[in-house]
Amino acid sequence: MRAAGDPYLLVGIALVCLALRALVLAPGALRRIIALNVMGSGVFLVLIAAAARGEGEPDPVPHALVLTGIVVAVATSALAIALARRLHRIDERDEDDGGGR
Amino acid sequence: MSAALAGSVVVPLGGAVLALVGGRRAAPWVAAVTAAVSLALAGALALQVWRGGVVELEAGGWSVPLGIAMRADGLAAAMLVLTAVVGAAVGTAAMSEFAGERGRWARGDGFWPLWLLLWAAVAALVVSRDVFNVYVALELAGLSAVGLVAMGGGRAALEGALGYLLAAWLGATAYLLGVALIYAETGTLDMVAMSGRVGDGPAATAALALMSVGLLLKAAVVPLHFWLPRAHASAPAPVSAALSALVVTAAMVVLVRLWSEAMAGAVGAAAANLVGALGVVAIVWGSLLAMRQRSLKMLIAYSTVGQMGYLLLLIPLAAAPLARGGAGDRATEDAWVGGTYYAVTHGVAKGAMFLAAGCLIAAAGGDRIAALGGMAGRAPLAVAAFVVGGVTLVGLPPTGGFVAKWYLVSGSIRAGEPWWAVAVLAGSLLTAAYLLVVVRALMYRGDRPGEDAPPREPGRVPGGMLVGAAALALVCLALGLRPLEGIELLGVGIPAPAGGGGG
């Protein structure tokens, strides 16, 4: 994992760490969903760094993994946002009812 | 030859698609046919493995460096049978909850495709031999399980589902990062090919740690259990049964495969003991929390947190010795059989308990333990199923739990590490303590008016749910009365990692 991949590896790990910090500290579902997306991007960069190890042509397998990972991340984000929105609506309706809770 | 192996994943997956296309009317029938076919396939595969050893399949005829391999050893075959048996019972229970117009749930027809998808994902998890395939199956299981938890629709169910989704997502991301590191290190995703190339360098160790944390989060091991009780308790009873019996167990199976085989070279004795200690903490802490619960489903959910600790004992007692090349050693084999037998029996027992709890809650009109007084008279069969499941978890004969704990204790003592046996037995006492609280409430007429909020209107016991609970309780007894076949099956293909003495 020398040379060509190194910057990607470092940026990827930095992104994962930043996202982990946000995930622990940030309140609210939406921030957590964004943090997990950033973390996923960091992991994808690490995979790209893994593809560039050694001499010559980059390894295609990690790129395929990243593609699959992106599909999974989009699907998961969609479900998470749908759930968060439903919860938000329940909160709003409760407030409209005047209960204040 | 390996048609049964391919079918174990393809049949439920196809069923999920058909159930989605078929809509409200056809879906329950599709699920019934899928369950029957899967049960037959799992039985056939288990027989094949039991007689002839490990069954392998290279998907699409592509061999390993290019293709993706599936493999059914004894553990995988037993897990497939567990999935099919619990699946059939959950499906029967779901008939009285979600089928037709009379279902109690607003969007009940959504249950069937999600449930079959979950089934396919669990099957893929236990037979997959490829670490990235495992990632996809983990995510598939997580997404469909979250959908099922959210079915309740209320605030508690949605919060439980969202918490579950975020935890599962974080776990899968940690796991994927581990996959990236191990691929960079070894250049392969195949578990068998990997096992010869993993050393004990920093990259491999970090990969094993990341993948393990991801899986421990998915398996709700203390202190990563925070999401489980709310998710499992707020779901409809058949869903809780499926989640507690299958999904967490499948994550644990993958963990054991990594430690005993795929990444054996990176396993150190200290790390294995640390995971084992985590298991002991899980047993004690999960049980103590279970004792404090006032609601029946919460109690059973915390019980799952505790019982997962037993499966973690597989890491120091079986996986680490196997990683050092200890295949064939009696202590290791006993521990392997005991731990994996417990994975299966816990699944059956937990399924029986959640389904029985569904019956009791419907009959009593609420799930507060204090309000369940005198249920032994009003719903005797459901109470009996609950008690059999409970006795299995405590580990008394004649249930499968006794056999499993016997082998675990034997493995621990033979290995000269009796402290794990002490944890197994102490856990049994703790389990008995919190279950007796429930049994006492069920047996005695505890109606002291005015003490608790008045229960909702009592209802009828749902028939399908009762049949499912009773069937699983009978399986618990069968596992205790005829254990030998199952034990032999679990002994097939105990991993012997290439490279043997790693480290």
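Modeller: What follows takes the labels one by one.

Colleague: What kind of model is this, and how are residues and chains numbered and lettered?

Modeller: This is a predicted model, where local features need pLDDT of at least 70, side-chain atom pairs count only at pLDDT 80 or more, and totals for chains, interfaces and linings use all residues. Residues are numbered from 1 along each chain as its sequence is written, chains are lettered from A and ligands numbered from 1 in the order in which they are written, and side-chain values use heavy atoms, with hydrogens and water left out.

Colleague: Why is Thr249(B) called buried?

Modeller: Buried means under 20% relative accessible area, exposed over 50%, and partly exposed in between (1.4 Å probe, protein chains only). Thr249(B) has 0% relative accessibility, so the residue counts as buried. Thr249(B) lies in helix α9 of chain B, where helices (H or I, at least four residues) and strands (E, at least two) are DSSP runs numbered from the N terminus.

Colleague: Which residues are in contact with Thr249(B), leaving aside its neighbours within four places in sequence?

Modeller: Contact means heavy atoms within 4.5 Å. On that rule Thr249(B) is in contact with Met79(B), Ser244(B), Met308(B), Leu311(B) and Ala343(B).

Colleague: What makes Arg155(B) and Glu159(B) a salt bridge?

Modeller: A salt bridge is a side-chain nitrogen of Lys or Arg within 4 Å of a carboxyl oxygen of Asp or Glu. The N to O distance for Arg155(B) and Glu159(B) is 2.8 Å, so the pair meets the rule. Both lie in helix α5 (residues 155-186) of chain B, four residues apart, about one turn of the helix. An α-helix has 3.6 residues a turn, so residues three or four places apart point the same way.

Colleague: Are Arg155(B) and Glu159(B) buried or partly exposed, and why?

Modeller: Arg155(B) counts as partly exposed because its relative accessibility is 31%. Glu159(B), at 26%, counts as partly exposed too.

Colleague: Which other residue meets Glu159(B) in a salt bridge?

Modeller: Arg230(B) does, at 3.7 Å, N to O. This pair links distant parts of the chain, with Arg230(B) in helix α8 (residues 228-234) and Glu159(B) in helix α5, 71 residues apart. Arg230(B) is partly exposed because its relative accessibility is 45%.

Colleague: How many salt bridges are there between chain A and chain B, and which side chains meet?

Modeller: The count between the two chains is one. Arg155(B) and Asp91(A) meet at 2.1 Å, N to O. Salt bridges that share partners join Asp91(A), Arg155(B), Glu159(B) and Arg230(B) into one network.

Colleague: What is the area buried between chain A and chain B?

Modeller: Buried area is the accessible area (1.4 Å probe) that two parts lose on being put together, summed over both. Here that is about 2,700 Å², of which carbon and sulfur atoms give 85%. Leu36(A), Leu83(A) and Leu87(A) supply 21% of the area that chain A buries against chain B, more than any other three residues. In residues, 36 of chain A are in contact with 27 of chain B.

Colleague: How does the reach of helix α18 of chain B compare with the expected span?

Modeller: The expected span is 1.5 Å times one less than the number of residues. Helix α18 (residues 463-481) has 19 residues and reaches 27 Å from its first C-alpha to its last, close to the 27 Å expected. Its buried residues include Gly464(B), Leu472(B) and Cys476(B).
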